[in-house]
Amino acid sequence: MTALSNSRGFVNSLILSSSTNFSSINRASIPFSHYKLRNSDKPSFLLPPIRRPITVTAAMASDQSSVKTVDSVPNSSMKLLFVEMGVGYDQHGQDITSAAMRACRDAITSNSVPAFRRGSIPGVSFDQMKLQIKLGVPRPLQHLLDIEKVKSVFPYGAISNVEVVDGGLICSSGVHVEEMGDKNDDCYIVNAAVYVGY
């Protein structure tokens, strides 16, 4: 109840910095800069997170990887046909790459793409199929992700871009099974979006 009354107080503390008549405009188009808080300290939940698209290359034996900035996925380097989405888990062994591979398999295993092989798209052959992959991975684990292993999940299609963003989840599996390679009871979850086009 206290949290509810605090949030009401916070909402009531918002005041408009303009005397514009809002009945004549679309409120969704008003930028946040038109609002002021009575308290100059803006709560962190109102500030948009800084998102930097990254690509994580294959992890080396020393668990170090190089990271470079790439265009976000999907981008205009291909004509997009459809998007496949999946979720992958690693409940035992704490291997983020396994979770990412399962997420990609989940995205593609219930789909068939006959259009490329049958020539259903005029002027487009099978070898022109392109894939772009976006993975939601918990930030503390991104440096451990082996992108080359993740790419091996896809049986065909040229992978033109892989983007790794903050996402997924680290949660408890509820049990620590040493015989299965567990270091603790963490379960890793990865989200995948696979963009298919030419």
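The structure is a predicted model, in which local features need pLDDT of at least 70, side-chain atom pairs count only at pLDDT 80 or more, and totals for chains, interfaces and linings use all residues. Residues are numbered from 1 along each chain as its sequence is written, and side-chain values use heavy atoms, with hydrogens and water left out.

The side chain of Lys134 forms a salt bridge with that of Glu163, at 3.7 Å from N to O. A salt bridge is a side-chain nitrogen of Lys or Arg within 4 Å of a carboxyl oxygen of Asp or Glu. This pair links distant parts of the chain, since Lys134 lies in strand β6 and Glu163 in strand β7 (residues 158-166), 29 residues apart. Glu163 counts as buried, at 3% relative accessibility.

## Other salt bridges

The whole structure contains 4 salt bridges. In one of them, the closest N and O atoms of Arg139 and Asp166 are 2.5 Å apart. Here too the pair links distant parts of the chain: Arg139 is in the loop between β6 and α4, Asp166 is in strand β7, and they are 27 residues apart. Arg139 counts as exposed at 54% relative accessibility, whereas Asp166 counts as partly exposed at 31%.

Lys151 and Glu148 also form a salt bridge, with the closest N and O atoms 3.6 Å apart. The two residues are separated by about one helical turn, because they stand 3 residues apart in helix α4.

## Overall architecture

The chain has 4 helices and 9 strands. Helices (H or I, at least four residues) and strands (E, at least two) are DSSP runs, numbered from the N terminus. Buried residues make up 33% of the 198 residues in the chain. Among contacts (heavy atoms within 4.5 Å) between residues at least 6 apart in sequence, 70% join residues at least 24 apart.

## Helix α2

Helix α2 (residues 96-108) has 13 residues and reaches 19 Å from its first C-alpha to its last, close to the 18 Å expected at 1.5 Å a residue; the expected span is 1.5 Å times one less than the number of residues. Of the 13 residues, 10 are buried, so α2 is largely enclosed by the rest of the structure. Among these buried residues are Ile96, Met101, Cys104 and Ile108. Their cover includes β5 (80-90), β6 (130-137), α4 (147-151) and β9 (186-197).

Asp95 caps the N-terminal end of α2, with a side-chain oxygen 3.0 Å from the backbone nitrogen of Thr97.

## Backbone features in two loops

Gln94 lies in the loop between β5 and α2. Its phi is near 50°, a positive value in a residue other than glycine. Gln94 counts as buried, at 9% relative accessibility. Residues that Gln94 touches, not counting those up to four places away in sequence, include Gly181, Asp185 and Tyr188.

A cis peptide bond, with omega about 0°, joins Val73 and Pro74. Pro74 is found in the loop between β4 (67-69) and β5. Most residues other than glycine have a negative phi, and most peptide bonds are trans.

Conventions:
Buried < 20%, exposed > 50% of the residue type's maximum accessible area, 1.4 Å probe, protein only. Polar contact = N/O pair within 3.5 Å; in protein donor to acceptor, adjacent residues only side chain to side chain.
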